[in-house]
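Work through the exercises below with the structure open beside the text. Each task is followed by a solution in steps.

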Amino acid sequence: MADRLTTVAVLTGRRNDDAVRALGELGAAREMLGVELVMPADEAAKHGDVEALGFRCVDDEGLRAADVCLVFGGDGTILRALGRLLGSTVPTLGVNYGNVGFLAGLPHDDWLDGLRAMVAGEHRVVELLTVVATLNGTMVAAVNDIVLSRVEPRHVLHLEYEVSGVTVGRMLCDGLILSTPTGSTAYNLSCDGPIVEWDAGVLVLNFIAPHSLAFRPMVLRPDHEISVGNVSPSERCEVLADGREVGRLCCGERVRITAGEERARLMVRAESSFYQNVEEKLFDREGR
């Protein structure tokens, strides 16, 4: 049994009827749960008078002092919360208000019952490997993946990639994915990459629509540095960190990618497992 949770910070995705209803239900259950509810000012601005619902507004320091960050949203919203809390000890707990909800520890229905048990200590925290891209002297961290993608939709990229100082090859493609284990079930999965358990200390190098019959995704050690150069004659390449554009590579420029030193912290139910998530949310056994 883990320690009891006493301070719960809350983040949401888009403001909609579901989110408003969830905040009301959580506020009404505050005394029953025996917790203090806090919300950062930027989040509170989306919802009006949250203090009337039982929330205390805090700054970013207050957010990082909570015992857990409860997120109502899909995997994208949960991912942004994990990134926001990098460098802190606060784990993120997702309630699935999206489509797949692979990162969510609680379902859309009956989430309050599950939260009650987790507040009482029936939870565990998974440490997630991150990935860092260095581009033009700037370092950017991601929880899921660093993606290089073509800018012009009808043109193809020509990328050269090195691993640990060794040039592996060049590829005509639509782009490249450098994924963490967490991100292996995201864009990497849709490009026929391997599914990697969250706790595994590896990175996955995969291409988007490679023009090759020989390439297979590569599973790499986390202490290896990956260098990718845009060797296209004229095409620019955008660099994305967890889906957010962080820069572009012109012809002849390179980006350096490594495993990050910081870990993202994801809270799940004590009895849940990665393989249970794969079975329930990826194989769609019950037509979800």
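The exercises that follow use a predicted model.

**Exercise 1. Find the largest nonpolar core and list the contacts of Leu-148.**

Solution. 
1. The largest nonpolar core holds 30 residues.
2. Those with the most contacts inside this core are Ile-146, Leu-148, Leu-205, Phe-207, Ile-226, Val-228 and Ile-257.
3. Take Leu-148 and set aside its neighbours within four places in sequence: its contacts then include Leu-176, Ile-208, Val-228, Val-239, Leu-249, Val-255 and Ile-257. Asp-174 and Glu-238 are also among the contacts of Leu-148.
4. Another core, of 27 residues, lies apart from the largest one; Val-58, Val-71, Leu-79 and Val-278 are among its members.

**Exercise 2. Classify the ring pairs that Phe-274 makes with Phe-102 and with Trp-198.**

Solution. 
1. The structure has 8 aromatic pairs.
2. For Phe-102 and Phe-274 the ring centres are 5.9 Å apart and the planes stand at 85°; planes over 60 degrees apart count as edge-to-face, so this pair is edge-to-face.
3. Phe-102 sits in the loop between strand 5 (92-96) and helix 6 (111-119), while Phe-274 is in helix 8 (residues 274-282), 172 residues apart.
4. For Trp-198 and Phe-274 the centres are 5.5 Å apart and the planes are at 70°, so this pair too is edge-to-face.
5. Trp-198 belongs to the loop between helix 7 (187-190) and strand 12 (203-208), and is 76 residues from Phe-274.
6. Phe-102 and Phe-274 are both buried, and Trp-198 is buried as well.

**Exercise 3. Determine whether Asp-145 is buried or exposed, and which side chain of opposite charge is nearest.**

Solution. 
1. Locate Asp-145 in strand 8 (residues 145-150).
2. Asp-145 is buried.
3. The nearest side chain of opposite charge is that of Arg-244, 11 Å away. A salt bridge needs a distance within 4 Å, and Asp-145 has none.
4. Beyond its neighbours within four places in sequence, Asp-145 is in contact with residues including Val-131, Ile-177, Ser-179, Tyr-187 and Asp-242.

**Exercise 4. Identify the buried residues of helix 6 and how they are arranged around the axis.**

Solution. 
1. The buried residues in helix 6 are Trp-111, Gly-114, Leu-115, Met-118 and Val-119.
2. These residues span an arc of only 135° around the axis, so they lie on the same side of helix 6.
3. Their cover includes helix 1 (17-28), helix 2 (30-33), strand 4 (68-73) and strand 6 (123-135).
4. Just after helix 6, Gly-121 has a positive phi of about 120°.

Notes. Residues numbered from 1 in each chain as written. Predicted model: local features only at pLDDT ≥ 70, side-chain atom pairs only at ≥ 80, totals over all residues. Heavy atoms only, no water. Core = buried A, V, L, I, M, F, W, Y, C linked by side-chain atoms within 4.5 Å. Buried < 20%, exposed > 50% of the residue type's maximum accessible area, 1.4 Å probe, protein only. Contact = heavy atoms within 4.5 Å. Phe/Tyr/Trp six-rings, centres within 6.5 Å; stacked < 30°, edge-to-face > 60°. Helix = DSSP H or I, 4+ residues; strand = E, 2+ residues; numbered from the N terminus. Lys, Arg positive; Asp, Glu negative; His and termini not counted. Arc of directions from axis to C-beta.
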